[in-house]
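Hello,

The structure we spoke about is below. My notes on it follow.

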Amino acid sequence: MLAKGRRVDGKGETVPANYAFGPLEDDSIIKHRLLTRTTTTRGEPPLKKLQKKFTAFALEVEKEADNYGDCERLAKAFLQELNTFEIPLLKSKAVIDANLREKENFNDLKDEINQQILQAQADIEDLKRQLEESKIERKHKEECESIRKLVAMQPPRSETQKVITELEKEIAMLGAENTASSRTLELRKKQFALLLHVVDELQNTIEEEQRSLVEELRNAVDDHNKSGVEDGSGGPEAMAVD
């Protein structure tokens, strides 16, 4: 027997329910009631009552007397008790069949749920992969957006192309000037080399002329000295030639 919890008036507190039987005792009581078809703890069990009805009918039948009325009465009482005992059995059988069907449905539902769990796990893995791909794609988009902003900060292409064209023209002019300067430098080198050659030739010519002049002067001095000796006149002193 169970004692339900009750609320204490004026305090708002609930007294915890006290159970007359423990879990193990409850299991044994429920098992006994199912086997004996006893619904309450009071009164005689239906199986025992059925046994008594059958025993009374059997004993009455075994009597060697004119007791057909009593036998019929006891038989009807036994059949009535048997019907009364059979109805709960039929109900129990119906409940068992329903439980078996419910168990099959539960197993089918369990298999379906397991399949759904596996599918959900596969979907989760797929979503994780898609999430990683989305992260990578988002990172690329952010990088592209940064590059786009940098490009937007740059001047238009027409202006850049104009600047490039001007720079190309300037480079071409500088190249032409460099070529002309190189040609002028080569010409100046050749002229300078020619000038050095002319100066060298002129210097050699001057040296040759100087040597020839000195040689002629020496020859003239020698000739003069010879002619003075031959005269013996003791004329003026020989002319000194530097």
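I start with the rule for surface patches. Patches are made of residues with over 30% relative accessible area and no salt bridge; like charges are joined within 9 Å, and nonpolar side chains (Val, Leu, Ile, Met, Phe, Trp, Tyr) within 5 Å. Accessible areas come from the Shrake-Rupley method with a 1.4 Å probe, and for residues only the protein chains shown count as cover. Lys and Arg count as positive, Asp and Glu as negative; His and the chain ends are not counted. A charge is placed at NZ of Lys, CZ of Arg, CG of Asp or CD of Glu.

This is a predicted model, in which local features need pLDDT of at least 70 and side-chain atom pairs count only at pLDDT 80 or more, while totals for chains, interfaces and linings use all residues. Residues are numbered from 1 along each chain as its sequence is written, and side-chain values use heavy atoms, with hydrogens and water left out.

**Negative patch**

E104, D108, D111 and E112 form a patch of negative charge on the surface. D111 belongs to helix α3. D111 has 46% relative accessibility, so it counts as partly exposed. The cut-offs: buried is under 20% relative accessible area, exposed is over 50%, and partly exposed is in between (1.4 Å probe, protein chains only).

**Overall layout**

The protein has four helices and four strands. Along the sequence the pattern is β-β-β-β-α-α-α-α. Helices (H or I, at least four residues) and strands (E, at least two) are DSSP runs, numbered from the N terminus.

Of the 242 residues, 6% are buried. The protein exposes about 21,800 Å², and carbon and sulfur atoms supply 58% of that area. Take the contacts (heavy atoms within 4.5 Å). Among those with a separation of 6 or more, 30% come from residues 24 or more positions apart.

**Salt bridges**

A salt bridge here is a side-chain nitrogen of Lys or Arg within 4 Å of a carboxyl oxygen of Asp or Glu. How many salt bridges does this rule give? The count is eight.

R138 pairs with E142, with the closest N and O atoms 3.5 Å apart. Both residues sit in helix α3 (residues 68–153), four residues apart, about one turn of the helix. R138 is exposed, at 60% relative accessible area. E142 is partly exposed, at 45%.

R148 and E145 form another salt bridge, at 2.5 Å from N to O. They too lie in helix α3, three residues apart, about one turn of the helix. R148 is partly exposed at 47% relative accessible area, and E145 is partly exposed at 34%.

E208 bridges to R211, with the closest N and O atoms 2.2 Å apart. Why are these two about one helical turn apart? Because they are three residues apart in helix α4 (residues 157–231). Both partners are partly exposed: E208 has a relative accessible area of 43%, and R211 has 46%.

There is also a network of salt bridges, which links D126, R129 and E133.

**F54**

F54 is in helix α2 (residues 46–62). Is F54 buried or partly exposed? At 45% relative accessibility, F54 is partly exposed. F54 and L79 are 25 residues apart along the chain, and their C-alpha atoms are separated by 9.0 Å.

Best wishes
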